[in-house]
Amino acid sequence: MALTLEHLRGGTYYFPLKYTNAGMYMYKKQCILIDTGSSEEEGKDIVEYMKAKGLALESILITHAHADNLAGAHYIKNKTKAKLYSSKEESVIVENPKRSNYSAIISEVREVEVTEDERDNTNANSIIHFIPTKKKVTHHTVLSHAKCLVDGVLTPGKPFVMTSSKQNLDIIALPGHSHGQVGIISPDKVFFIGDALYSNEELSENPIPFASDITKAKKTLEYLLKSKYTMFVPTHGKPLEFSITAEVYNNQRQIKMLEETILMHLSMPKTTDELTALCLASFDLEENIPNFYLISSTISAYLEDLKKG
């Protein structure tokens with residue numbers, strides 16, 4: 001994959017990777033990487049790009065410990081000897097991936113060859129003389145990441161200081177999607193927000209976005225709504241400029257809609273599994289094992305929030 005490094009503002013850039021974004025802050029060719037992509041292959045691409053451009057990687061900062069942000073970290077850390085930092089809560093998962101209750105699932109529509117038996121069935125059951133040789137199927141991939149040693153902790157409210165230049169990057173608590181998710185603000189005032197906010201396109205494709213704590217997710221959205229910054233880079237999708245008010249409102253509406261759906265289905269007692277199945281059906285989502293597991297965790301977070309009244 002040929003990488004491009006897109007300029008945002010000043011010394012702040014980002015890599016638009018296949019599924020996610022990885023941020024970069026550069027000062028006189030000394031670099032900070034923010035998240036690392038969704039595969040080891042993307043980690044290799046980042047290392048090769050930096051080597052070709054004569055860039056030195058000083059540190060890796062992780063917004064949250066999900067595989068689509070973190071899968072390239074092990075390779076990058078080993079090859080560059082850069083130090084890796086995450087919040088205290090997320091470091092547990094960075095170093096112990098099996099302790100995570102989150103599965104990053106990639107769904108892709110692929111074209112595959114039609115089998116001989118399928119062609120025979122089509123020929124027998126159809127008056128159509130054209131027999132297709134290919135078909136489209138949805139392929140699901142569960143991402144994973146190798147464990148990495150965390151060299152230091154990102155503490156919200158305490159700036160991260162580059163060792164080479166003394167440039168400060170602000171660390172902001174953005175919990176909800178994960179318990180210890182942080183946002184990272186570059187010296188150019190570009191705000192890398194992880195999965196604190198979902199784009200309209202994402203909400204259309206995934207109307208039940210993962211959350212570990214809905215109460216905290218609501219507070220994070222309120223914080224973003226009042227934020228004074230004017231450039232935001234989410235994990236997924238294009239950077240957002242000037243205002244994210246519309247996107248925040250859409251996320252808040254989606255939370256409200258799911259709350260109402262849950263309460264409607266709980267007019268009679270249900271188990272969590274029954275409720276999860278009903279919510280998947282309500283939003284026309286495929287009921288496969290990884291999807292069910294992921295949505296079940298999110299539904300449990302909503303139930304905890306609703307119990308608080």
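Predicted model: local features only at pLDDT ≥ 70, side-chain atom pairs only at ≥ 80, totals over all residues.
Residues are numbered from 1 along each chain as its sequence is written, and side-chain values use heavy atoms, with hydrogens and water left out.

**Exercise 1. Identify the buried residues of helix α9 and state what they pack against.**

Helices (H or I, at least four residues) and strands (E, at least two) are DSSP runs, numbered from the N terminus. Buried means under 20% relative accessible area, exposed over 50%, and partly exposed in between, with a 1.4 Å probe and protein chains only. By this criterion L275, T276, C279 and L280 are the buried residues of α9, which spans residues 272-282. They cover an arc of only 135 degrees around the axis, which puts them on the same side of α9; the arc is that of the directions from the helix axis to the C-beta atoms. The buried residues of α9 pack against α8 (245-265) and α10 (289-307), where contact means heavy atoms within 4.5 Å. Just after α9, D284 takes a positive phi of about 55 degrees.

**Exercise 2. Describe how α10 packs against α9 and against α7.**

Axes are lines fitted to C-alpha atoms, for helices over the stretch in contact, and angles run from 0 to 180 degrees between N-to-C directions. Angles under 35 degrees count as roughly parallel, over 145 as roughly antiparallel, 65 to 115 as roughly perpendicular and the rest as oblique.

On the α9 side the contact includes L275, T276, C279 and L280, and on the α10 side it includes F292, I295, I299 and L303. The residues of this contact divide into eight nonpolar, five polar and one charged; Ala, Val, Leu, Ile, Met, Phe, Trp, Tyr, Cys and Pro count as nonpolar, Asp, Glu, Lys and Arg as charged, and the others, Gly among them, as polar.

For the second pair, the axes of α7 and α10 come within 8 Å and cross at roughly 85 degrees. α7 and α10 are therefore roughly perpendicular to each other. Here I214, T215 and K218 of α7 meet A301, Y302 and D305 of α10, and by class the contact has three nonpolar, one polar and two charged residues.

**Exercise 3. Locate the largest nonpolar core and say which elements supply it.**

A nonpolar core is a set of buried Ala, Val, Leu, Ile, Met, Phe, Trp, Tyr and Cys residues joined through side-chain atoms within 4.5 Å. The largest one has 30 residues, and F191, I193, L197, L224 and L258 have the most contacts inside it. At least two residues of this core come from each of β13 (191-194), α7 (214-226), α8, α9 and α10, and the largest share, five residues, comes from α10. Another core, of 29 residues, lies apart from it and has M26, A73, Y75 and L84 among its members.
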